[in-house]
Amino acid sequence: MSRDDLAERLELSSPARVRVWELGLERPRPRFVPRLAAAVGVEPLHLLDVDPDDPPPAALRLAAGLATNEMGAPGVSVMTYVRLEDGRPGTEPTADAVHAVAGLLGVDEARVQAAIRRSRRDHAPLAPSGG
């Protein structure tokens, strides 16, 4: 598929945007991730540099085409979601928060819980080595 074809499918004003993405100079805005995946015939998670079987919350959010500021819903504030995505330690998210995030992302609650665990592992401080 040419850049012109892809730009047309994504309703971009110019194929230059596709070139910038290809060169890695910019990443597509979240809203383009699912559309780009559909245009090239892959699942959105396959466009992201993550294990599609164990994605962190940020990858699930991008695969759903959502920006961070779109993650607020009854049961979860944007800041609560950001803390979960960043893997910040603390209390476990409430069932309401997990349910709300799952609904926003269009995935099941077990997937959200696994993603939160992944994010915490990825961002856990390194334990000091014994001396």
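I take helices (H or I, at least four residues) and strands (E, at least two) as DSSP runs, numbered from the N terminus. The model is predicted, so I kept to pLDDT of at least 70 for local features and 80 or more for side-chain atom pairs, while totals for chains, interfaces and linings use all residues. I number residues from 1 along each chain as its sequence is written, and my side-chain values use heavy atoms, leaving out hydrogens and water.

**Pockets**

I looked for pockets on a 1 Å grid over the protein atoms alone: a pocket is an open set of points where a 1.4 Å probe fits, with protein on both sides within 12 Å along at least five of seven lines, and lining residues have an atom within 4 Å of a point. Points are joined across faces, edges and corners, and a volume is the space filled by probe spheres set on them.

The largest pocket comes to about 460 Å³. I find 15 residues lining it, and Arg-27, Pro-28, Leu-47, Leu-48 and Asp-49 are the closest to its centre. Which helix gives the most to this lining? H4 does, with 3 residues. I sorted the lining by class (Ala, Val, Leu, Ile, Met, Phe, Trp, Tyr, Cys and Pro nonpolar; Asp, Glu, Lys and Arg charged; the others, Gly among them, polar). The largest pocket has 11 nonpolar, 1 polar and 3 charged residues.

The second largest pocket has a volume of about 150 Å³. Its lining includes Thr-80, Arg-83, Leu-84 and Arg-120. H5 supplies the largest share, 3 residues. By class I get 3 nonpolar, 3 polar and 4 charged.

**Nonpolar cores**

I define a core as buried Ala, Val, Leu, Ile, Met, Phe, Trp, Tyr and Cys residues joined through side-chain atoms within 4.5 Å. Buried is under 20% relative accessible area, exposed over 50%, partly exposed in between (1.4 Å probe, protein chains only).

The largest core has 20 residues, and Leu-45 and Met-71 are among those with the most contacts inside it. H4, H5, H6 and H7 each supply at least two residues. H6 gives the largest share, 6 residues. A second, separate core of 9 residues includes Leu-6 and Val-18.

**Aromatic pair**

I count 1 aromatic pair. Trp-21 and Phe-32 sit 5.7 Å centre to centre with 55° between the planes, so tilted. The cut-offs are centres within 6.5 Å for rings of Phe, Tyr and Trp (its six-membered ring), with planes under 30 degrees stacked, over 60 edge-to-face and the rest tilted. Trp-21 is in H2 and Phe-32 in H3, so the pair ties together parts 11 residues apart in sequence. Trp-21 is buried at 12%, and Phe-32 is buried at 8%.
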